[in-house]
Amino acid sequence: MSTARPSFKFRGGSFHALVVRPESPIEAWLADVDVLLARSPGFFAGKSVVIDVAGLSLTKPTFLGLLDELSRRDIRILGVEGANPADADGRVPSLVRGQADRPDPVGAPAAQTPAPAPVSSLLIDAPVRSGQAIVHPDGDVTIVGSVSSGAEIIAAGSIHVYGTLRGRVLAGAYGNQRARIFCRRLDAELIAIDGHYIVADEVEPHLRKAPIQAWLEGDELKIITMN
Amino acid sequence: MAQVVVVTSGKGGVGKTTSTAALGAALARAGERVVVVDFDVGLRNLDLVMGAERRVVFDLIHVVQGTARLSQALIRDKRIDTLFLLAASQTRDKDSLTDDGVERVIRELRPSFDWVICDSPAGIERGASLAMRHADLAVVVANPEVSSVRDSDRIIGLLDSTTDKAKRGEPMEKYLLLTRYDQNRAERGEMLCIEDVLEILCIPLLGIIPESKDVLHASNMGLPVTLNEPTSATARAYNDAARRLQGEQVPLVVPTDKVTLFSKLLGRRAA
């Protein structure tokens with residue numbers, strides 16, 4: 001016996017939301033919002049908005065009043081960040097936590113923050129072959145040998161290759177703009193630091209087959225030879 | 001007690017079967033007891049290259065599944081009596097190979113031979129991984145071109161991580177056999193040169209086999225190249241490689257067929 005079942009599909013995803021941070025006093029801030037809306041009425045149209053009230057220490061009535069004022073202005077609130085969970089009742093959109101560096105709001109149960117793992121570096125004393133992936137979320141990776149085409153190194157910190165780099169390397173892959181990439185000979189398919197990447201085709205010809213270091217300057221991935 | 005050798009490459013068509021047959025025959029002719037085992041179940045070829053296709057009754061799958069004894073399935077070569085073939089089945093697929101069955105076959109072969117040479121199928125799937133699993137030594141066959149070299153690199157990674165020897169923490173012995181090498185084309189930059197390949201793969205070189213029509217001739221005759229025309233450049237290159245496998249120090253040169261100046265000029269013009 002079989003019954004037709006609806007099929008569920010779950011997936012993780014990241015979405016962009018506009019974070020609005022009201023300022024005290026709320027009345028004056030709302031007046032500024034009105035000025036903004038008068039100038040560009042469609043400013044919030046179709047946008048998902050997260051209200052960040054951390055650091056405002058609003059009372060419950062003020063907080064709920066703020067939400068009412070915003071919805072009266074057709075601002076659709078996706079979530080609230082930094083609110084006291086005690087203030088949350090049925091009308092309050094879901095409480096969110098976006099910025100990891102912010103302490104939990106007062107009254108919220110303290111999140112279990114694991115002690116930061118000691119930064120360790122990983123030394124690989126052999127060539128990294130095509131199809132192999134070295135993933136090191138704790139620090140730097142040093143390869144004494146070459147990284148083949150089709151191999152991949154992913155590190156939280158910097159990546160050092162004492163050989164020819166032909167594969168893909170992603171340094172600072174868990175959000176570290178200060179990570180760097182060093183190699184004896186650059187012939188990489190892709191190099192990336194903190195998500196900023198360039199592929200082989202974009203590497204300037206004079207850098208190919210050269211000893212290089214790469215680092216991030218703002219949003220720009222810089223490469224120079226180390227001759 | 002036999003050395004178990006896997007002849008592998010990742011990529012297809014680079015010369016695994018030709019090399020298995022040629023090395024097997026060369027070792028056997030030097031007096032060693034050799035069995036060549038075809039792991040390419042479903043796409044067997046080794047029996048053709050060995051010229052034994054019309055004498056296959058039982059094959060590797062029968063032995064693995066216990067429906068035939070090893071002694072029934074081993075086919076003795078007609079020319080060299082220390083050379084044997086264990087053929088693959090053409091009607092089955094690689095899923096018929098069981099881990100336990102293959103292990104038992106290799107274990108039973110070891111005491112009766114000096115060399116067990118396993119001809120791996122292309123790819124990195126079940127057939128290839130079972131062919132390499134019990135090996136003591138690997139011969140990685142590559143052509144001097146980028147896709148073959150990259151696939152060989154992948155295979156070397158697997159040899160170092162998935163074989164029994166690697167799992168016991170022992171280093172896997174690996175040698176590169178560079179096949180279909182054409183000195184002239186390498187010099188013109190039309191194929192990778194030996195140094196490039198060695199720089200990428202970082203394993204010792206067992207031999208360089210020149211590109212030659214002899215290989216096709218020999219396969220069509222059902223003869224390993226080392227037996228078909230033992231004095232040809234290809235045969236000499238395989239014989240040298242076999243001697244290196246036996247531990248002999250043989251200087252590495254690219255063997256060439258002697259050509260007269262006249263035919264060389266003609267060849268150049270035709271090319």
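I began in chain B, where strand 7 (residues 173-181) and strand 8 pair in the parallel sense over four bridges. Pairing here asks that DSSP find at least two bridges between the two strands. Strands (E, at least two residues) and helices (H or I, at least four) are DSSP runs, numbered from the N terminus. Within that pair I found Leu178(B) opposite Ile208(B) of strand 8 of chain B.

A note on my source: this is a predicted model, in which local features need pLDDT of at least 70 and side-chain atom pairs count only at pLDDT 80 or more, while totals for chains, interfaces and linings use all residues. Residues are numbered from 1 along each chain as its sequence is written, and chains are lettered from A and ligands numbered from 1 in the order in which they are written.

**Chain B, the sheet.** I traced eight strands in an open sheet, in the order 3-4-2-5-1-6-7-8, with mixed pairing. Strand 3 (75-76) and strand 8 (205-210) of chain B are at the edges with a single partner strand each, so one side of each has no neighbour in the sheet.

**Chain B, helices on the sheet.** Helix 6 (residues 126-133) of chain B packs on the sheet, touching strand 1 (3-8), strand 5 (115-119) and strand 6 (137-142), and its direction makes about 150 degrees with that of strand 1 of chain B. For such angles, axes are lines fitted to C-alpha atoms, for helices over the stretch in contact, and the angles run from 0 to 180 degrees between N-to-C directions. I also looked at helix 10 (residues 194-201) of chain B, which lies across strand 6, strand 7 and strand 8 and runs at about 150 degrees to strand 7 of chain B.

**Chain A, the sheet.** Here I found five strands in an open sheet, ordered 6-8-10-12-13, again with mixed pairing. The twist averages 5 degrees from one strand to the next. Strand 8 (residues 152-155) and strand 10 (residues 168-171) of chain A pair in the parallel sense over three bridges, and Glu152(A) stands opposite Arg168(A) in strand 10.

**Where the chains meet.** How many residues of chain B are in contact with chain A? Seven residues of chain B contact eight of chain A, contact meaning C-beta atoms, placed from the backbone, within 7 Å. Helix 7 (residues 146-162) of chain B gives the most to the chain B side, with five residues.

Note on methods. Two residues are in contact if their C-beta atoms, placed from the backbone, lie within 7 Å.
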